[in-house]
Amino acid sequence: IRIIEVRNNKRRKLLSSCGFQEPSNKRVKPVGKSNSLTGVLPQMKTPALKRLSQSISRSISFRTDARPLPPALPRSRQKPSSFPRRRNSQCWSDTVESHDLTAKEIKRQEVIYELTQGERQLIEDLSLVKKVYYDPMLKLDIMSESELGQIFGTLESLIPLHTDLLSRLERLRGSEKTVGEVGPTLLNWFPCLEAYVTYCCNQVGAKALLDQKKNEKRVEHFLRLCQESSFSRKLDLWNFLDLPRSRLVKYPLLLKEIQKCTPPEHPDEDYLPDALELIQNIVAEVNKKTGEAECQFYRRGLHYLEDSQRLPEIQQSRFIYCHGELKNNKGQRLHVFLFELALVLTKPGEEKDGGHVFNVYRQPLPNALINLEEIPDGEAAGGGTFRGAFTGGNDKVKNCFRVSSRGRSKFNPYILQANDSFCKQQWITCLRQAIVQSRDRTAQTSQSQLSLHPESGLCHIAELRLSSDTDMADHTSR
């Protein structure tokens, strides 16, 4: 208020100096003492009050007055916190004041620094998961100790493992914050990553159980509050549980970058190739074991309606090419599994023991006997049931393909529709790969049996038949 009075006095003096006078009949309302504008203006919301006070200050100020405006009133409404999904990245160059390195050497130090920082961030995240998720849910009895053990697996044992690598990398940094040889350290530490086999194999069942528990109100409420908190960076629990696997597959990429930036005469040249081969073998082994665990998990969830559906190829499969939701020609949603040796169509059933039960739909097909046909978009394909289910009465279809059985006329073809063109192409690619590999495996098995028992080859002559046009075309394309 005193500021307003001072500026009014200045305004009157300026007008009088220019030969102007304010009218004498101007009414002046006495202003009582007050610490804010609330004594002058009626009560209103804070944002409107702020805008009005700023407009008053602008109206009574002149360009000749160099005094700054009074600070704006703070907003009473708090902005919702927005936390990035990723941390702020820092380069090695930001940690040193000066250096005398070539561009290639700088790039090498940057990659090694990224490796070190990645270990530090992973340790922080894994420790946070135990402190913020595991311990509170166990203490509040949101989940049982057995359920938490299935979901988190051996996560806690990975923390000291990566802490060890971080300490080794930090000891390599010299006085100028540069790292000389890193190959021997990685070569000696990488065998510790075999512990990832157990953790990643457990993730298949852990994800299914976590999705099932999210249907409970207490669990859903707790996880939602955690995700909305600042520490989560808008990530959910599964994002944190999947961080170790993401870190594992990044080691070969980082090592290739270090190798690319290492000059030929560098001592690391003798160690980096061996370290890269070692980590690639470990990642391949983890992927193989994880695929076998996933295959076993979904095989246990299959519920056969008839004994004839129990193909030996399903039990002999060691991995799954892909699986997901497709629609059939009746418009029904199916969950389809492309195992290593068989294609199985199912209808999802009730949840049981931390996973879904999948009721096997119709007869599974061995991959070696599958004929695959892509249906172009916009092409009429079949009777009214097909058109009505896929196109709503329109003759044009989209994202469809047909699978049938070679030499088994009693099996009707399956016409399946994907959600989009990308999903359709993925299915077709996986199906082609599965068909080729299954037929090659069958041929190799037949040749092995023939070499062991040459006389048995004569028994198959009576089974020879003329190939159909479809079989000939398929053989030619192969």
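This is a predicted model: local features need pLDDT of at least 70, side-chain atom pairs count only at pLDDT 80 or more; totals for chains, interfaces and linings use all residues.

User: Among contacts between residues at least 6 apart in sequence, what percentage join residues at least 24 apart?

Analyst: The protein has 478 residues, of which 37% are buried. Its secondary structure comes to 15 helices and nine strands. Taking the contacts between residues at least 6 apart in sequence, the share that joins residues at least 24 apart is 67%.

User: How are helix α4 and helix α7 oriented to each other?

Analyst: α4 covers residues 145-152 and α7 covers residues 196-213, and their axes are 6 Å apart. The angle between them is about 125°. Angles from 65 to 115 degrees count as roughly perpendicular and those over 145 as roughly antiparallel, so the relation of α4 to α7 is oblique.

User: How do the residues of the contact of α4 with α7 divide into nonpolar, polar and charged?

Analyst: On the α4 side the residues are E147, Q150, I151 and F152, and they meet Y199, N202, A206, L209, L210 and K213 in α7. The division of these contact residues is six nonpolar, two polar and two charged.

User: Is T346 buried or exposed?

Analyst: T346 lies in strand β4, residues 342-352. Leaving aside neighbours within four places in sequence, T346 is in contact with L302, L334, H335, F337, F358, N359, V360 and Y361. Its relative accessibility is 0%, and the cut-off is under 20%, so T346 counts as buried.

User: Which residue has its backbone oxygen 2.6 Å from a polar atom of the side chain of T346?

Analyst: Among the contacts of T346 are L334, H335 and F337. The backbone oxygen at 2.6 Å from a polar side-chain atom of T346 belongs to H335.

User: Why is strand β2 largely enclosed by the rest of the structure, and how many of its residues are buried?

Analyst: β2 runs over residues 320-327, eight residues in total. The strand is largely enclosed because the number of its residues that are buried is six.

User: What is the bridge partner of L326 in β3?

Analyst: β2 pairs with strand β3, residues 333-339, in the antiparallel sense over seven bridges. The hairpin of β2 and β3 has five residues between the strands, and G331 takes a positive phi near 80° there. In β3, L326 has as its bridge partner L334.

User: What is the phi of K234?

Analyst: K234 sits in the loop between α8 (217-228) and α9 (237-241). With 31% relative accessibility, K234 counts as partly exposed. Most residues other than glycine have a negative phi. K234 is a residue other than glycine with a positive phi, near 65°.

User: And what is the phi of R362?

Analyst: R362 is in the loop between β5 (355-360) and β6 (365-366). It counts as partly exposed, at 31% relative accessibility. R362 is not glycine, yet its phi is positive, near 55°.

User: Which residue's backbone oxygen does the side chain of Q309 reach at 2.9 Å?

Analyst: Q309 lies in the loop between β1 (302-303) and α12 (312-316), and at 4% relative accessibility Q309 counts as buried. Beyond its neighbours within four places in sequence, Q309 is in contact with Y304, I314, V360, Y361, R362, Q363 and P364. The backbone oxygen that the Q309 side chain reaches at 2.9 Å is that of R362.

User: How many Å apart in space are C261 and R108, C-alpha to C-alpha?

Analyst: C261 is found in the loop between α10 (243-260) and α11 (272-300). At 7% relative accessibility, C261 counts as buried. Not counting residues up to four places away in sequence, C261 touches K104, K107 and R108. C261 and R108 are 153 residues apart in sequence, and their C-alpha separation is 5.2 Å.

User: What separates the C-alpha atoms of P376 and C400?

Analyst: P376 is placed in the loop between β7 (370-375) and α13 (384-391). Its relative accessible area is 40%, and P376 is partly exposed. P376 and C400 are 24 residues apart along the chain, and their C-alpha atoms are separated by 7.5 Å.

Conventions:
Residues are numbered from 1 along each chain as its sequence is written. Side-chain values use heavy atoms; hydrogens and water are left out. Axes are lines fitted to C-alpha atoms, for helices over the stretch in contact, and angles run from 0 to 180 degrees between N-to-C directions. Helices (H or I, at least four residues) and strands (E, at least two) are DSSP runs, numbered from the N terminus. Angles under 35 degrees count as roughly parallel, over 145 as roughly antiparallel, 65 to 115 as roughly perpendicular and the rest as oblique. Contact means heavy atoms within 4.5 Å. Ala, Val, Leu, Ile, Met, Phe, Trp, Tyr, Cys and Pro count as nonpolar, Asp, Glu, Lys and Arg as charged, and the others, Gly among them, as polar. Buried means under 20% relative accessible area, exposed over 50%, partly exposed in between (1.4 Å probe, protein chains only). A polar contact is a pair of N or O atoms within 3.5 Å; within protein, one must be able to donate a hydrogen and the other to accept it, and residues adjacent in sequence count only if both atoms are side-chain atoms. Two strands pair if DSSP finds at least two bridges between them.
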